[in-house]
Amino acid sequence: MSTEFLGVKHSLSNRIWIGPSAEQERIAAGIAQEHDISLLTALLLTKRQVNAKSLKSYLSPKIKDLMPDPYSLLDMEKASNRVLQSIEKQEKICIFADYDVDGTSSASMLLLWLKHFKIFPEIYIPDRIDEGYGPNPKAMEMLSKKNELIICVDCGTVAYDAIEIANKNGTDVLILDHHIPDEVLPPAFAIVNPKRIDESSDLDYLCAAGVVFLFLAALSRLLKYRQIDSPNVMSFLDLVALATVADVVPLVKLNRALVSQGLKVLEKRNRPGLIALINEAKIKTQPTSYHLGYLLAPRINAAGRLSDAKFAVKLLTATSNNDSIKIAQELNELNIKRRSLENLVLNEALVQIEINSREKNSLIWVASDKWHPGVVGIVAARLKEKFNRPSLVFSINEKGTAVGSARSVPNVNIGYEIKKLVDTGFAISGGGHSMAAGIKVNHNLLLKSMEALKTSIENSHKDNKFRPIIEIDSLISVQGATVAIVEEMNSVGPFGAGNPSPIIAIANCQIKHIKILIEKHIKFICIDSSGKRLESIFFNGFETAVGQTILKNTGESFHLCGKLEINDWGGYRRVVLQVEDAATV
């Protein structure tokens with residue numbers, strides 16, 4: 001059973017610190033001795049239920065060891081043969097994609113693969129504001145009149161009317177998706193979706209780009225039988241890794257291998273668009289999953305949020321360095337504008353939450369007719385992180401429709417919960433996956449629908465798993481926070497959803513030499529009882545209760561917890577603690 005760590009029942013952010021159980025520590029001690037690794041790394045492996053026999057393969061995940069037979073997914077063979085037919089007949093193809101990183105990365109992979117066969121598909125990405133998510137009847141009417149095949153990526157699983165229109169016009173529709181379906185599927189030619197109710201492949205953790213990767217592998221196998229050359233699908237792993245991290249799907253099983261190997265492909269710097277974006281983001285070190293999720297993905301998503309998502313596809317498929325640099329600069333400017341809008345909406349949302357006392361509820365939700373719909377998803381994510389609750393942010397349009405984005409905590413499947421709202425008539429439409437979803441509600445029903453959602457979540461979680469906690473993986477001394485130990489610890493990565501970055505605690509250390517950076521971040525030195533020093537930074541900590549307490553008590557001792565990162569700025573490699581929380585001693 002997990003216990004309170006360092007006796008912290010109420011940290012400065014009012015969270016309980018929970019450490020490893022005695023059983024986990026016992027198992028970890030055995031793994032550490034048997035494999036000559038640190039107890040810290042052994043604890044990380046134990047918490048991920050990695051046993052001694054599978055340790056080597058876990059630390060070095062290989063796609064060949066984890067890759068399933070693509071045909072194990074329903075409709076995969078049917079869909080592959082249909083695309084092969086299009087190649088043979090040189091048919092006109094349209095790729096209909098979602099406007100986020102997963103959708104644009106998936107579209108880019110298909111576009112590059114088809115270009116090899118002299119097929120130049122039309123790319124259609126709906127406008128976020130005017131059309132909303134997924135295939136709509138008007139767009140499919142237009143597209144089906146000029147294309148023999150439409151491939152929907154990261155969307156389409158619930159687009160019944162739109163697909164029916166394409167069918168009437170004689171156009172086949174393939175769906176490569178990962179969103180939660182209804183019990184009855186739309187009348188598409190083929191639907192490859194690991195979340196299908198009748199699916200038994202155990203691949204429901206994949207994002208759309210992961211599904212597309214398997215689809216291209218299936219196509220390549222078909223062509224190999226016919227002795228026809230096709231692009232090396234492994235060259236697309238940088239795009240698969242980017243989408244997998246950006247879409248916050250669990251980094252488990254095949255996903256770990258896809259991201260791990262994709263980062264190696266990215267490091268080779270063979271894709272001009274990503275090189276240009278890396279330079280714009282000022283990434284100077286070897287790329288990590290953090291860079292994918294927090295520096296590259298927001299810039300790519302900025303296109304679909306505030307402009308045209310086709311810019312993202314142009315960047316990811318660019319072959320010219322000059323074109324790549326220009327597009328990357330435009331995306332960077334859009335991202336700066338996005339951050340400004342995000343901060344405005346976030347501040348107004350926090351005021352709403354305080355006025356309505358919603359921070360104590362099992363569900364956080366806010367709405368306004370003044371908010372840009374392109375940033376509601378990001379604000380929902382920020383609220384979820386702040387309150388440790390499922391969070392929804394709505395932008396109400398001139399038609400009286402509240403268009404919202406939801407972000408969730410690990411124990412609440414928000415996509416499933418929103419589908420229940422749709423089924424019971426409380427929402428016009430909606431769906432997604434466990435950690436993120438979209439929803440449309442009539443403004444007049446918004447209060448009732450959120451009450452219904454709150455009740456449903458509470459009924460499913462009567463054991464009150466919403467109490468604010470922070471899981472500590474291990475205790476370490478300042479002297480023990482070495483580059484070598486962090487590198488060993490990073491072998492348990494890549495880190496992200498389903499495989500979170502380790503949270504390490506440092507006990508009873510003095511805080512000195514505080515600096516405030518751009519009125520947002522707090523930088524200081526953590527000094528233990530032996531006088532050893534550790535550089536520390538608390539990002540966005542200036543306005544928090546934790547940050548303010550630290551600032552007012554310079555020289556005092558605290559327990560700190562956070563993530564240990566290697567910083568090699570200026571050519572000097574050192575360990576830095578990225579502070580997550582603090583507690584008084």
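In what follows, Ala, Val, Leu, Ile, Met, Phe, Trp, Tyr, Cys and Pro count as nonpolar, Asp, Glu, Lys and Arg as charged, and the others, Gly among them, as polar. Good morning, colleagues. The structure under discussion is a predicted model, in which local features need pLDDT of at least 70 and side-chain atom pairs count only at pLDDT 80 or more, whereas totals for chains, interfaces and linings use all residues. Residues are numbered from 1 along each chain as its sequence is written, and side-chain values use heavy atoms, with hydrogens and water left out.

I begin with the overall fold. The protein chain has 20 helices and 18 strands; these are DSSP runs numbered from the N terminus, helices being H or I of at least four residues and strands E of at least two. The radius of gyration is 24 Å, close to the 25 Å of the globule rule for 585 residues, so the chain is as compact as a globular protein of that length. Here the radius is taken over C-alpha atoms, and the rule is 2.2 Å times the number of residues to the power 0.38. Along the principal axes, the C-alpha atoms fill a box of roughly 75 × 55 × 45 Å. Of the 585 residues, 54% are buried, where buried means under 20% relative accessible area, exposed over 50%, and partly exposed in between, with a 1.4 Å probe and protein chains only.

On a 1 Å grid over the protein atoms alone, a cavity is a set of points where a 1.4 Å probe fits but cannot get out, while a pocket is an open set with protein on both sides within 12 Å along at least five of seven lines; lining residues have an atom within 4 Å of a point. Grid points are joined across faces, edges and corners, and a volume is the space filled by probe spheres set on the points.

The structure holds one cavity of 30 Å³ or more, and the largest cavity contains about 40 Å³ of space. Its lining consists of Asp238, Val265, Leu266, Arg269, Asn270, Arg271, Leu274 and Ile275. H11 and helix H12 (272-280) each give two or more residues to that lining. By class, the lining of the largest cavity has four nonpolar, one polar and three charged residues.

The second largest pocket has a volume of about 300 Å³. Its lining comprises 18 residues, with Met234, Ser235, Val265, Asn270 and Arg271 nearest the centre. H10 is mostly covered, nine of its 10 residues being buried.

Finally, the aromatic contacts. Three aromatic pairs are found in the whole structure; rings of Phe, Tyr and Trp (its six-membered ring) pair if their centres lie within 6.5 Å, planes under 30 degrees apart counting as stacked, over 60 as edge-to-face and the rest as tilted. Tryptophan 113 and phenylalanine 117 form a tilted pair, 4.8 Å centre to centre with 50° between the planes. Tryptophan 113 is buried at 0% relative accessibility, and phenylalanine 117 is buried at 11%. The pair of tyrosine 290 and tyrosine 294 is stacked, because the centres are 5.2 Å apart and the planes at 25°. Both tyrosines lie in helix H13 (residues 289-306), four residues apart. Tyrosine 290 is partly exposed at 41%, whereas tyrosine 294 is exposed at 54%.
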